[in-house]
Amino acid sequence: MTSTRANRPLLEVRNLRVEFPTRRGTLVAVDDVSFHIDAGEVLGVVGESGAGKSLTGAAIIGLLEPPGRIAGGEVRLEDKRIDNLSAEHLRRIRGRQIGAVFQDPLTSLDPLFTVGQQLVETIMTHLDLSEAQARSRAIELLREVGIPGAERRIDHYPHQFSGGMRQRVVIALALCAQPRLIIADEPTTALDVSIQAQIITLLKRLCREHGAAVMLVTHDMGVIAETADRVAVMYAGRIAEIGPVGEVIRKPRHPYTIGLMGSIPKLDRAVARLVQIEGAMPRLTAIPTGCAFNPRCPKVFERCRHERPDLMPVETNHAACWLHAPTLTEATRG
Amino acid sequence: MADGSTPPGGPKSGPLLSVRNIARYFDVSKPWLARVIEGQPRLLLKAVDGVSFDIPRGQTLSLVGESGCGKSTVARLVVGLYRPTRGQVEFEGVNVTALRRRSELAPIRRRFQMIFQDPYASLNPRWRVRDIIAEPIRAHGLMKDSGALNRRVDELLRLVRLAPADGEKYPHEFSGGQRQRISIARALSSNPEFLVCDEPTSALDVSVQAQILNLMKDLQRELGLTYLFISHNLAVVFHISDRVGVMYLGRIVELAESKALFAAPQHPYTRMLLDAIPDLEMSGRGRTPVAGEVPNPLNPPTGCAFHPRCPWANERCRREEPVAKPAPNGALAACHAVEERRIPEKTG
Ligand SMILES: Nc1ncnc2c1ncn2[C@@H]1O[C@H](COP(=O)(O)OP(=O)(O)OP(=O)(O)O)[C@@H](O)[C@H]1O
Ligand SMILES: Nc1ncnc2c1ncn2[C@@H]1O[C@H](COP(=O)(O)OP(=O)(O)O)[C@@H](O)[C@H]1O
Ligand code: SF4
Ligand code: SF4
Ligand SMILES: [Mg+2]
Ligand SMILES: [Mg+2]
């Protein structure tokens, strides 16, 4: 499952920082985030709402809404920096090399045009094909994402599709130009489990067959469990823990991940009470010093309140938590 | 537990709430003139079409099902926000549907309240939290003395694990989870015995959801509350419910004890839903994607409405609508194949 890193990863994010200048000072929404995704790999990104998941995705594809801006770090796609490109250059890369799928399929589709018109236009923008060729490619894509009767459905308008079908059309649209990287932000959150399963199966198959790298943003651990190869857990703009999906889910090392896993109701284990993380994630204006999780952490100790932990290796995972500091470091710091 | 809270005259045995064959149709035809010109018939959408269940005092019954199956419509029928097309709702044996005069309805209405999905939309942004929570008390004229009212609101805030000082703030100063606590405090302020909760945690993060679900269970124990709980999340339903009704296209297709339903689902639709749940334990089970989609409710399939998606469908299913009958797991299931014992028991 884990891919080798003999070659450079397809996507590499280093020390990414996203800021919002406001009247009352600068808000840091994404703070020193680093990770990579290999070709053919699905990286899951989980965390509570406001953790910075969507902004991380938006920063990578250059779709941050001003005044939000990348204030530090770099993003590399196939070893080329893409965080400092012109808007025009980036737009071309976005369609061609990066495909994006968002939560609400209706906002990604234009209600005034048929699904086919939208697919054909996108295909012709990115690939050197005639209209007829683009149309047959569009039908092929619709078939590939599992739309029955694609030859007929291609001439229908978005509102004539159900929610699950619309989301599949959006995925088809994102795949038009056979991108190397797919960023999917809560692609199944608005859907029922039944349809969710179809979309997830589809994303996985595409990742496998096209060797694309997928960044799958969701707050649904179940979706991550069955889709991702590795998972990054975000908290207050930073990665709290990252590692192979089975390790993070079954043997979380960071107290926040442990709480998060315990708070999920499970079908195979009846419990009287769910594990409860007290309090709420801090607002960006009031991120605690030291470890941002410290006011809610059952394991908090003195160091956590004034020193901020970076990601540290813990067996297969990396966790940003002082519980996992090598004792050596502690000794040298006195 | 129930004894103290049972009002004089009310029967002490029997369910607190009984829903009897309730239905609600919506007229979704075009305006009359357009219809006549285009020669189209009236279009009726059968959002809920013959739903029955009982909830004993102090218990939780949940309704699950895919979007559009009619869960919220049942909730609204139960609290009286919609009038039923047919059928009735009984509260302690009293047919609430038949009551029309305010003087008869008000004392019963006070005893059930509703909590909605969206903690952002359901609180008036211009009111202080204290006034939001006190609103049902004022509306029902339950307390005249303002000192007593304030003390009651303080008590309610503490009950939902907020602080009395939070009463002076406005809704926008709270997170989603805190707002849902405020909704719960408001719902509890008229001392109801029965709460209808329509997806109360669907808009919340799992960690916040855990806080709210724990709170709801604690309150149920402390106050002897009875819940009708609505959700599309099967794991949440498993956690909170004593009994579960699975809805499909306006009907309950299976109704069973929660444990039995999850251990030995009978109806093919229930099995399909359970198989579609992502596997958090990563046992390698892999989920089975559900075939097909919910049919158009304006044009439901003949016979069993589930037949176009059902692996067990046969000629009888396409022709004859199944009725709810007792099934092996002690459930009621509306399925010919279950009745004919054509489907093997689910194992593992
Ligand atoms: N006021 C209305 N007028 C017309 N149709 C309606 C009305 N309210 C609901 N419906 C229809 O009735 C059916 C059931 O709707 P309902 O809101 O009860 O579904 P639900 O199970 O709560 O779905 P969800 O999980 O999406 O909340 C749907 O087809 C819906 O479109
Ligand atoms: N335009 C904006 N101005 C100020 N803060 C913002 C803006 N957009 C997002 N944020 C803040 O950045 C943080 C991370 O947001 P987001 O990435 O959307 O979170 P997630 O996707 O994890 O729910 C949140 O605290 C959010 O309120
Ligand atoms: S660093 Fe300290 S406060 Fe933060 S998660 Fe670890 S133990 Fe808890
Ligand atoms: S009645 Fe027939 S079609 Fe309906 S669920 Fe049972 S087997 Fe399937
Ligand atoms: Mg988001
Ligand atoms: Mg609903």
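This is a predicted model: local features need pLDDT of at least 70, side-chain atom pairs count only at pLDDT 80 or more; totals for chains, interfaces and linings use all residues.
Residues are numbered from 1 along each chain as written, chains are lettered from A and ligands numbered from 1 in written order, and side-chain values use heavy atoms, without hydrogens or water.

Take the backbone of chain A. A polar backbone atom of A:Gly50 lies 2.7 Å from an oxygen atom of ligand 2. For A:Ala51, the distance to a ligand 2 oxygen is 3.2 Å, again from a polar backbone atom. For such an atom of A:Gly52, it is 2.9 Å. On its own, ligand 2 has 570 Å² of accessible area (Shrake-Rupley method, 1.4 Å probe). The protein covers 65% of that.

## The shell around ligand 2

Which classes make up the shell around ligand 2? It has 5 nonpolar, 4 polar and 2 charged residues. Among the residues surrounding the ligand are A:Phe20, A:Glu48, A:Lys53 and A:Leu284. Helix α1 of chain A (residues 53-60) gives the largest share, 3 residues. Helices here are DSSP runs of H or I, at least four residues long, numbered from the N terminus.

## A residue of chain B

Now chain B. B:Leu33 sits in helix α2, residues 32-38. Is B:Leu33 buried or exposed? Its relative accessible area is 52%, so B:Leu33 is exposed (exposed means over 50%, buried under 20%, partly exposed in between; 1.4 Å probe, protein chains only).

Methods: Helices (H or I, at least four residues) and strands (E, at least two) are DSSP runs, numbered from the N terminus. A residue is near a molecule or strand if one of its heavy atoms lies within 4 Å of it. A polar contact is a pair of N or O atoms within 3.5 Å; within protein, one must be able to donate a hydrogen and the other to accept it, and residues adjacent in sequence count only if both atoms are side-chain atoms. Ala, Val, Leu, Ile, Met, Phe, Trp, Tyr, Cys and Pro count as nonpolar, Asp, Glu, Lys and Arg as charged, and the others, Gly among them, as polar.
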